[in-house]
Amino acid sequence: MPHHATLKNFAMLAGLCLATPVCAAEPAATPPHHSWRFDGPLGTFDQGSLQRGFVVYDRICSTCHGMRSLTYNDLAGIGLSQKAIGDLAHSKQFPGPLDEDGQPTTRPGTPDDHFKSPFPSDAAAAAMMGGVAPPDQSRLALIKPHGADWLYAFLTGYRMPAPPGAPSAPGKFYNEWADGHLVGMPPPLMNGAVTFPDGTPATVEQQAKDVTTFLVWASDPHRNARHHIGKGVVLYLIVLLLLAYAWKKKIWKRLHGA
């Protein structure tokens with residue numbers, strides 16, 4: 001391989017590593033597996049958990065992490081009404097056209113807008129966050145090993161104070177599931193940090209479970225619809241099979257009676 005190609009590949013790998021809160025290398029251990037309702041070919045997302053997870057994302061995660069792949073209209077998939085979606089989008093300010101003097105303007109968001117990013121660019125995010133831009137969360141559940149299990153383990157894996165003999169560094173926090181056990185992001189979840197509209201107690205574990213469900217949904221927002229179609233197709237094929245079997249028995253009965 002040419003030397004310049006090797007350098008280019010190394011630079012791309014380094015960039016990918018810096019784009020995440022920890023380097024993309026997987027810890028040696030596998031996170032504990034949880035029973036998720038959305039697991040498996042017939043799994044579906046629980047709307048209550050999705051809506052609580054969106055509350056956690058909107059109130060906590062969105063202050064640092066964007067979600068470029070989703071529009072506000074996509075939130076109809078978690079059961080939000082068109083009015084709630086419109087009000088949410090309208091509460092966000094987006095860059096508008098230049099005015100008559102060539103000065104930038106802002107405009108209220110619309111349901112067709114993609115989620116507003118907390119920073120104008122990745123470079124600005126890196127400059128404000130100590131040199132590393134927080135990762136976009138649209139596909140986080142897909143690119144992380146073990147997906148939902150890793151996200152839940154990471155969000156509940158902070159230990160303060162750190163265990164005796166654990167590695168430490170200025171400005172870093174101990175997390176059992178971070179590469180090297182150190183991460184620059186402080187613990188994002190605290191008991192009671194949000195209030196869930198349905199009255200569910202907002203423990204760290206509940207917030208982690210619900211926001212993990214929301215992030216998995218965000219990486220595949222049409223899974224419920226696809227699985228509903230799949231179930232309909234399977235049911236249709238079963239009916240056809242039964243009809244074909246009944247028809248076959250009827251034909252053979254006539255032949256044997258002839």
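**Entry 1: ground rules.** I am working with a predicted model, in which local features need pLDDT of at least 70 and side-chain atom pairs count only at pLDDT 80 or more, while totals for chains, interfaces and linings use all residues. Residues are numbered from 1 along each chain as its sequence is written, and side-chain values use heavy atoms, with hydrogens and water left out.

**Entry 2: backbone.** I looked up the peptide bond from Met160 to Pro161 and found that it is cis, with omega near 0°. Pro161 lies in the loop between helix H6 (147-155) and strand S3 (173-174); helices (H or I, at least four residues) and strands (E, at least two) are DSSP runs, numbered from the N terminus. I then turned to phi, and noted that His146 has a positive value of about 70° although it is not a glycine. His146 sits in the loop between helix H5 (140-143) and H6, and at 38% relative accessibility it counts as partly exposed (buried means under 20% relative accessible area, exposed over 50%, and partly exposed in between, with a 1.4 Å probe and protein chains only). For His181, too, phi is positive, near 70°, in a residue other than glycine. His181 belongs to the loop between S3 and strand S4 (182-183), and I noted it as partly exposed, at 31% relative accessibility.

**Entry 3: salt bridges.** Side chains of opposite charge can pair when their charged atoms come close. I used the rule that a side-chain nitrogen of Lys or Arg must lie within 4 Å of a carboxyl oxygen of Asp or Glu, and by this rule the count comes to nine salt bridges.

Asp58 and Lys92 meet in one of these, at 3.6 Å from N to O. This pair links distant parts of the chain, since Asp58 is in helix H2 (residues 47-59) and Lys92 is in the loop between helix H3 (82-90) and strand S1 (93-96), 34 residues apart. Asp58 is partly exposed at 22%, and Lys92 is partly exposed at 21%.

Next I checked Arg68 and Asp136, whose closest N and O atoms are 3.8 Å apart in a salt bridge. This pair also links distant parts of the chain, with Arg68 in the loop between H2 and H3 and Asp136 in the loop between helix H4 (122-128) and H5, 68 residues apart.

How far apart in helix H3 are Asp87 and Lys83? They are four residues apart, and are therefore separated by about one helical turn; the closest N and O atoms of their salt bridge are 2.8 Å apart. Asp87 is partly exposed at 44%, whereas Lys83 is exposed at 61%.

**Entry 4: aromatic rings.** I searched the whole structure and found 11 aromatic pairs, where rings of Phe, Tyr and Trp (its six-membered ring) pair if their centres lie within 6.5 Å, and planes under 30 degrees apart count as stacked, over 60 as edge-to-face and the rest as tilted. Trp36 and Phe38 are stacked, at 5.4 Å centre to centre with 20° between the planes, and both of these residues are buried. Phe154 and Tyr158 are edge-to-face, at 5.8 Å and 65°, and both are buried.

**Entry 5: charges over rings.** Here NZ of Lys or CZ of Arg must be within 6 Å of the ring centre and within 35 degrees of the ring normal. The charged end of Lys116 sits over the ring of Phe94, 5.4 Å from its centre, and Lys144 lies over the face of Trp150, at 4.6 Å from the ring centre.
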